[in-house]
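Q: Can you walk me through this one? I'm new to it.

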Amino acid sequence: MSFDVAMTLQRGSLRMHYEFTAGPGLTALFGPSGAGKTSLLDAVAGLVRPVEGHIAVAGATLFDRARKIDLKPEKRRCGYVFQDHRLFPHRSVRRNLLYGWRLVRPEERWLSIDITLDLLGIRHLLDRMPATLSGGEAQRVAIGRALLSAPRFLLMDEPLASVDASRREEILSLIERIRDELKLPILYVSHDRGEVERLAQQIVPIEPASATA
Amino acid sequence: MAVEGLSPEEWEVLLLSLKVSSVAIAAIMPVAFALAWILARWRFPGKVLLDAVVHLPLVLPPVVTGWLLLLTFGTNAPVGRFLSETVGLTFLFRWTGAALAAAVMALPLMVRAMRLSLETVDRRLENAARTLGAGPWRTFFSVTLPLATPGIMAGLVLGLARSTGEFGATITFASNIPGETQTLPLAIYSALQLPGSEWQVARLAGLSVLLSVSALALSEWLSRRNGQGKDRHVL
């Protein structure tokens, strides 16, 4: 089982309950904006603490309220690709890419820098600062930065949101390659049906109705 | 007009001023940063009160601040007595007193600038660093601190300027003793009291302008040479 999630999040006065299990490959969380998809990813990454339940990924328990397990974000080994790329503005592309890579023990790295640069086509961007990148370039660098931190799974939050239409196809096929060649479990958030149907092995609907007052 | 070098007395005033304000800022810097951090990041009851206390030296007449310092750090005051008995640190009529007054007066300006810069650091970038494997300390030093650096520098310069210009609290608390507590502003004030010393006043004032401008230039230079070009040997 790649993802095993059953948990409750407190968002203001709302309690949101999420429950699903998913096999290998790419699992899409599909639903309208505001349904709490990003909160779910944040909880899996350890940035938001559930009030109840458990989260396990690829056989490792990341959070379990009953067993008092709550791994810190830096121990969860997730590659989180944010909707707003979140590249460090004070670091060049090179130093963004190396940020997570440096923090992994060499024997745990499973992807070389060279392969990443070629896979993403970002070799020519190394000396640029994030502010000078286009939306598509920044998103590719953000994906590279996440992959180089040697994650055990990927979280992708609308990775196509800031990408112009002409570059969408490129990133979509890139995500397919990551899914098929790197065989990483991926949780993928989107509200675009076409995108989800093309990429996902499994679709988990996230309804605003899952909120219980 | 021949510009002669500084007289021994002027050198004394200048070096004392530099010593007082640099010691003051070095000592108060960690305190200012900690307060800025607490006010920017923590939520707790009494935060408004803490904020008000930090701002007191900014809104009080400096003479009152000096008087409050006397009440707290004077020879017979509780904190003053404790410090002199335990670590032998006394403030009254000593350059350390001038430094303390300068530090206290600089504190609110430094806290304000640093707090503002910490509040503008995007927390989402810190979260990104955490997911990439950085613990809280590494995140602080590699993301938060570099992004807050311009504000910290601004706070440092404001503090330096405020402390070199400090007059009211210093003369009240540490008095005006040549060679011990007589910093530039106090020396200018003393010179003004003597008839026929206009040239002396002008020279000291010029020195004071020079000092402020160099502090500004230094901070500009520091904020410009922020580390680029590391990591080149890996990629």
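A: Start with strand β3 of chain A, residues 26-30, which is mostly covered: five of its five residues are buried. Buried means 20 or more other C-beta atoms, placed from the backbone, within 10 Å of a residue's own; 12 or fewer is exposed, in between is partly exposed. Strands (E, at least two residues) and helices (H or I, at least four) are DSSP runs, numbered from the N terminus. This is a predicted model: local features need pLDDT of at least 70, side-chain atom pairs count only at pLDDT 80 or more, and totals for chains, interfaces and linings use all residues. Residues are numbered from 1 along each chain as its sequence is written, and chains are lettered from A and ligands numbered from 1 in the order written.

Q: Which residues of β3(A) sit on each side?
A: A:L26, A:A28 and A:F30 are on one side, with A:T27 and A:L29 on the other. In a regular strand, side chains alternate between the two faces of the sheet.

Q: In which sense do β3(A) and β9 of chain A pair?
A: Parallel, over five bridges, with β9 covering residues 186-190. Pairing takes at least two DSSP bridges between the strands. A:F30 stands opposite A:S190.

Q: And over how many bridges with β10 of chain A?
A: Four, also in the parallel sense; β10 is residues 202-205. There, A:T27 has A:Q202 as its bridge partner.

Q: New topic. How many residues of chain A are in contact with chain B?
A: 21, against 17 residues of chain B. Contact means C-beta atoms, placed from the backbone, within 7 Å.

Q: What gives the most to that side of chain A?
A: α2(A), with five residues.

Note on methods:
Contact = placed C-beta atoms within 7 Å.
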